[in-house]
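Please read these notes with the structure open.

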Amino acid sequence: MRDISQEIIGWLHQQQDWLQEAAERLYTSGSLLEADIDHLVARLKSEDGRRVTSTRSFEALGGSFRATAELRLLSLGDIKGIESLAPRRPLDFGKGNLAVVYGPNGAGKSSYTRILKKACGKPLAKDLKPHAFQAPPIERKCTIGYRTGGAEQNVEWSPTGAALADLQAVDFFDTDVATVYLNKESEASYTPPVVALFEGLAAACDRVKTKLQAEQALLVSSLPALPSNFVGTKAGTAYQGLKAEISETALRRLIQWVDADQTSLDQLVERLKIADPALASKQKRATKVQVDQLTKELESIGTALGQGQIQVLRNARTDAQAKRKVATEAAKACAQSSKLEGIGTDTWNALWGAARQYSQTPYPKQDFPVTAPGSRCLLCHQELSPEAQQRLRDFETFVQGTVEADAKAAENAYSELLKSLPVALSEDEIRTRCEAAGVVQDAQLQSLNAFWVCVRLASECLKAGEPEEMATPVEVPSEILEFLKARSKALDAEAQQHDEDAKTFDRVSARSQKTELEAQKWISQQSEAIHKEIEQLKQIKAIDGLARSANSRPISVKAGEVAEKVITTAYVTRFNAELKTLGAEHIRVELVMTRTSHGKALHQLRLKGATTAQAVPDSVLSDGERRIVSLAAFLADVVEKPHAAPFVFDDPISSLDHDFEWQVAQRLAELAKDRQVLVFTHRLSLYGAMEDAAKKNGDDWRKDHLEKRYIESFGGASGHPVDEAAWNANTKKANNILLTRLTEAMKAAEVGGGDAYRLHAQGICSDFRKLLERTVEDDLLNEVVKRHRRSVTTDNRLGKLPRITQEDCGFIDGLMTRYSCFEHSQSWEAPAFLPEEPELRADLEGLRDWREEFQRRGCANVRTNAP
């Protein structure tokens, strides 16, 4: 074992330190608590925990195993509501190591074993049912007596409750267990500590893995589901296939969305909307014209109301005003001959101009003013005096003079500048112009409305001559101009694209490109969720890596290697030895290790030398061969356990012939040397064979350890223990017991009447018939031949047979005939009547007296025949 320990230590030193710590804790404490598993998970997550080290000594691996305290089953009773069992008193298993419980079919043997099997927590234990032919019981329970570590316990247990931990070490063999050993893979019942270490490590790995998986399960993806119409696109495929190891370049490419992408998408959308690309081209160019006009208008206004042009207008105004002042002064000088003031003013000039035009009516084709003799005033129609004629000629000279011409020229120039000032548009006009140019955004409309307000205010102020404040120069919003110019360019490009589309346009490809771009745009909007998903995927990947470190497969492989050396070889050796001991070594079967699972080695019975895999023991062997082989496998599995716990056998010789039966009896008696063995059987042959087998352990051992019990069913209930002395004691004692029972029957009759007597008498007559049979075997034939004993014993016994006389045979034969009816069924035409008390007592006393006389006769004969 030391070599195995060193091999295991060497293997552990090749493992990560967290697993080494798990092994150390397991071997020290035997099990791992939840706190231990949490600690191991934390160690696994740390770099130190994942480092392979060789610093741990594992001194505990060299220690020896200590057997547990002895466990004995003492009794089973106080049974209520469990199957048909209702014993009047507990079934006592006695103080010896070998208890044989006999009873006919239906007596309750299997029910007792089922209770024990369930209470001991065996995996194959069946649910315990209440009595099938009675009303549901109020309570279901029993009391199990046992002793462990020297302390006796009487525990009340319910079939619906938990198994008793103290009794888990008890081993059972019955038909169900035999089937498992025969047909299925099974792990060895007892696993040495060095092998159990691997089972514990495998279980610890699974628990650590479960913890990690629980953490991983909390990492639920919150990534929005990809819209169905984007499934299959390159971007959608990349989105759905996000991985923890995605590169920064790939991630940036996945979530990036720039203006150029949006432009391409918009263009594709527009192109796909167009049913007639040629018409669309015309429309786009028409819209471009509107855009260009609006751009030109805005730029013109920006120039007209810019700081420079406003200054030009102001200079023109100043120049006109200055020249008008000079002309006015000149007019005043000219107007000295005038009788009125205001010569040269605007009003006067307007009046003079109107007179000039009117003059062509009365004086057509004559120069103005007409001052010829006889001419008249154009306003009052009076004839012009010479003075008036001269005055008009002076006025015309003034008007036609240079100073006045300069003033008018300056004023005309200024007037033209005022006329060139832009006219502000109304909101409706602005909206119409913008819609025609495709400027529809609210912010753009608001900006343009504000611009035109500034235009109106500046124009009004300038036209008014800036009487109160200076006009503010107007600037065209640069973003509007940039937008319009860009739109003009885009419209031109779109028109060209439409021209191209009119010639050749692959709509299927365009739709695919559009969907791809839309998928890219949607995915770019999930940027935050994608980053979060990638971080989560990194955590999941890290946990996957940790879970791989907690894989129990390498442990199972190593466990198989160790189990092969520590368990399988010894297990197979024991199986072969058991086959030989049971006389079944000729059956061509073998026990092989099939595999390891979670650190546990699994074994199975197989036919030795079978030519086909379909040939299995269950389908090839006979019933008896299957039974003896499965019993050998069971014994090979459990006998080496260090636990001093009972073995319970329920009809172990089912389907066995007398040779196998005897071998089984001997093996059970041999087992009983070291621990308690309980045997439940309905075969009297095994009952007798167990006594002979017990004798092979020595008469003293048989007396101290062989416990015989008999149970029966009565009144619809089963499991009643029968007074053992009535059928198990020597014939003399049994005879006296029946006499005592007859006396008790009479006392019962005094209270309960004839029915009470008959109830007791029936049992007495039945037991009397059995006593007569035993009298023939034990007294008359001196135990030379016994029905249920394998051997004929002649040693020192044949010499007493000559004492038998014809009268002895007649006496015994008469009693046998008289009481056989109480053991065998009778026809209704010839019913059996119970004997009255005096007659029954006389027969019992007669047999007693005959036995005493026969024994004395035997002694006399021995003395007479002595040499």
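**Notes on the model**

1. Eight bridges join strand E8 to strand E9 (residues 600-607), and the two run antiparallel. Helices (H or I, at least four residues) and strands (E, at least two) are DSSP runs, numbered from the N terminus. Two strands pair if DSSP finds at least two bridges between them.

2. This is a predicted model: local features need pLDDT of at least 70, side-chain atom pairs count only at pLDDT 80 or more, and totals for chains, interfaces and linings use all residues. Residues are numbered from 1 along each chain as its sequence is written, and side-chain values use heavy atoms, without hydrogens and water.

3. The sheet is open, with three strands in the order E7-E9-E8 and antiparallel pairing. E7 (186-187) and E8 (589-597) are the edges; each has a single partner strand, so one side of each lacks a neighbour in the sheet.

4. Ser459 lies in helix H16 (residues 442-463). Ser459 is buried, at 5% relative accessible area (buried means under 20%, exposed over 50%, partly exposed in between; 1.4 Å probe, protein chains only). Beyond neighbours within four places in sequence, Ser459 contacts Leu305, Leu421 and Pro422 (heavy atoms within 4.5 Å).

5. Helix H28 (residues 754-780) bends by about 30° at Arg774. The bend is the angle between axes fitted to the seven residues ending there and the seven starting there. Asn782 follows H28 and has a positive phi, near 55°.
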